[in-house]
Amino acid sequence: SGQDMVSILQLVQNLMHGEEEEESSQAYRLQNVGEQGHMALLGHSLAAYISVLDRERLRKLTTRILSDTTLWLCRLFRYENGSAYYHEDDREGLLKICRLVIHTRYEDYTVEGFNVLYTKQPIIYISSAARTGLGQALCNQLGLPLSCMCRVPCNTMFGSQHQMDVALLDRLIKDDVESGKLPLLLVANAGTPGAGHTDKLGRLKELCEQYNMWLHVEGVNLATLALGYVSSSVLAATKCDSMTLTLGSWLGLPAVPAVTLYRHEDPSLSLAAGLTSSQPVEKLRALPLWLSLQYLGHDGIVERIKHASQLSQRLLENLKNLDFIKTSVEDELSSPVVVFKFYQKYLNKDQTPSAAQASTIPHPIISNEGHIYDTFNQWLGEQLAQLVPASGVDVVELEDEGTCVRFSPLMTSAVLGTEIQDVDQLVDCLKMKIPVLTSTLQLREEFEQEVRRTVGLLYIEDLSWPGLGVVRYSYHSDGKNDDKQEKELEKINTELLKKLNELESDLTFSLGPEFGGQKNCVYIGMVTEDLDVSELVETIAATGREIEENSRLLENMTEVVRKGIQEAQLQLQKANEERLLEEGLLRQIPVVGSVLNWFSPFQASPKGRTFNLTAGSLESTESTYVSKAQGTGTTPPPTPTSSLTKQRLPGQKIFKRSLRNSDAFSETSSVSHCEDLEKTDQRPPALSPGQEQRSPETENPEQQQQEGTQTPPKGTEDIPRDCTKVEEQESQR
């Protein structure tokens with residue numbers, strides 16, 4: 001029978017937010033959707049209402065909206081005499097451009113189709129720094145084999161390592177032309193997806209004109225075309241044949257389409273490629289942008305892009321003053337994307353810069369240096385994103401630099417509302433994390449050496465773990481099978497992890513990552529410079545031995561109890577047989593035995609067995625029945641515990657080295673020794689023989705006792721001198 005509108009809208013609301021979702025998460029989802037966001041969202045509903053107008057009025061309205069939006073965007077981004085195609089998927093514009101170029105270069109393509117492509121194979125060139133899967137997506141949508149896609153490597157010797165190698169591209173095009181192929185289109189970057197670098201668009205445009213190729217440009221740096229000052233490398237994009245703009249992320253507008261600006265003289269080919277449409281409803285895609293651009297205005301659009309550029313410059317200036325931070329930016333004066341990583345130039349803390357420069361190979365103190373830095377930078381990026389979520393930093397994998405942290409405010413600041421104070425907070429958090437990273441990196445080698453020298457511990461090399469290292473307590477199997485040994489190993493290491501977490505320390509002990517980690521290991525997280533590695537390793541080994549000894553004691557006790565029960569059963573069975581012989585056969589007959597026991601009772605002490613867990617022996621219960629109490633037996637041996645009782649200063653946590661000097665520690669030790677001597681000398685002193693002879697001459701014993709309490713005994717006057725000697729001995733030590 002259908003439902004009313006209120007019920008349907010309530011259902012939509014429940015699906016959007018969830019019935020049991022917290023209010024904080026709801027507020028987070030709807031934050032930063034201001035009036036400009038509501039204006040963009042309003043465009044979608046208005047487009048649906050406008051589509052029901054009569055055909056003539058709809059045609060006039062859509063033509064006005066499309067022409068206004070295209071004109072504003074072309075003027076805003078300095079792209080003269082351009083047309084616009086609005087699309088939801090940011091790759092769809094490039095796909096339609098490829099179809100346009102195919103229709104242009106193959107005149108009979110409309111009639112013969114793929115047959116004309118077979119005779120002369122088209123080639124599309126993309127940079128190796130382009131978006132992942134872009135080439136394969138184009139080939140799949142165009143129905144072309146992957147051999148039609150040519151990936152151009154980036155520079156390896158000169159220039160930026162994220163820019164397309166123009167000389168190599170020239171050779172590749174010449175080889176394709178000589179082999180009978182048709183160079184069709186080149187996809188360049190004005191801001192690579194990873195590092196934000198811009199290709200040499202001027203030289204690429206000259207190369208495309210030489211071989212009659214189409215040049216398409218995309219990237220985040222195209223947003224800077226709206227600013228008053230534009231770098232020459234980005235300004236060259238205005239001469240390209242087409243470009244794709246993603247205004248939604250740049251301006252913080254939700255649900256607005258991407259725009260591909262292009263120049264082409266034949267409208268029929270544009271219609272055949274799908275860049276234009278004869279349906280008025282298709283032109284309504286520009287309505288959200290038409291509303292949003294009018295709401296923001298030219299000044300508002302420029303201000304948002306300028307604010308994002310200022311954020312990146314603020315971070316870049318602060319990063320220059322930080323040690324162990326390496327930046328990878330194209331232009332230090334105007335770089336919308338900042339990529340940085342933690343990198344300790346001198347891995348050994350005792351190594352001088354001159355000694356490092358004299359060596360032509362990396363310092364061997366840490367093996368697999370690149371993998372370790374990738375792991376540490378992955379942890380750093382995740383920590384910064386968690387501590388300062390408004391910054392929008394993320395982790396990116398670059399081909400040459402490895403794992404880096406990326407700050408791209410043009411893509412995130414308008415949506416997250418990033419401000420200058422967020423960048424300052426990001427720098428403060430980075431300053432806090434750098435000492436932790438350097439300390440952990442320097443102590444990893446020491447930790448590995450200590451573990452390898454310690455009996456009972458096994459060092460596990462896990463390059464993907466961001467921390468001090470991974471250790472496993474090796475269990476002595478004693479000839480057990482593999483399954484039982486594996487269970488015992490898991491039990492001991494699990495108990496070891498529990499014991500370590502119970503200690504009052506600043507370290508983090510865990511089982512490692514959820515996926516891909518080693519089994520039955522203890523993972524130790526990041527550490528500080530005051531960590532006592534030897535004490536940490538010794539504590540782990542001692543705790544593991546204690547757990548193993550307790551486990552063996554329990555196993556031995558279980559075996560002893562089992563054997564004791566069997567022996568007690570045999571002894572009780574033997575005692576029953578002896579009792580039957582003593583009582584006689586007649587007493588076992590039911591009726592006769594009762595009468596006989598009434599006339600002549602049989603006196604027999606109850607015989608039982610008790611098992612002494614302490615001594616591990618089987619004893620009789622006769623003494624228990626005689627004394628009416630169970631004997632306590634011998635005192636059990638003490639439980640084996642760790643012998644690590646390192647003296648600590650007040651407030652000093654475990655595994656921390658004392659920051660005080662040795663003199664202060666000696667003074668503390670001497671004072672404690674003096675206190676012990678005072679406590680010891682408060683006892684009544686032993687009398688010498690001479691004192692025993694003079695004792696009868698005292699006038700009154702009570703007076704002597706009073707004088708003894710008031711006058712210190714002989715020998716106590718030397719206590720300060722003894723304390724001084726003890727203090728001198730301790731300072732000499």
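I began with an open sheet of 4 strands, whose order reads E8-E9-E11-E10 with antiparallel pairing; strands are DSSP runs of E with at least two residues, numbered from the N terminus, and two of them pair if DSSP finds at least two bridges between them. Strand E8 (325–327) and strand E10 (394–398) stand at the edges with a single partner strand each, so one side of each has no neighbour in the sheet. From one strand to the next I read an average twist of 40°.

I noted that this is a predicted model, in which local features need pLDDT of at least 70 and side-chain atom pairs count only at pLDDT 80 or more, while totals for chains, interfaces and linings use all residues. Residues are numbered from 1 along each chain as its sequence is written, and side-chain values use heavy atoms, with hydrogens and water left out.

Next I followed E8 to strand E9 (residues 338–342), with which E8 pairs in the antiparallel sense over 3 bridges, and I found Thr 327 opposite Phe 340 in E9. Helix H19 (residues 420–453) packs on the sheet and touches E8, E9 and strand E11 (402–407), where contact means heavy atoms within 4.5 Å. The direction of H19 makes about 25° with that of E9, the axes being lines fitted to C-alpha atoms, for helices over the stretch in contact, and angles running from 0 to 180 degrees between N-to-C directions.

Finally I turned to the protein chain, which holds 27 helices and 17 strands, helices being DSSP runs of H or I with at least four residues. Among its contacts between residues at least 6 apart in sequence, 68% join residues at least 24 apart.
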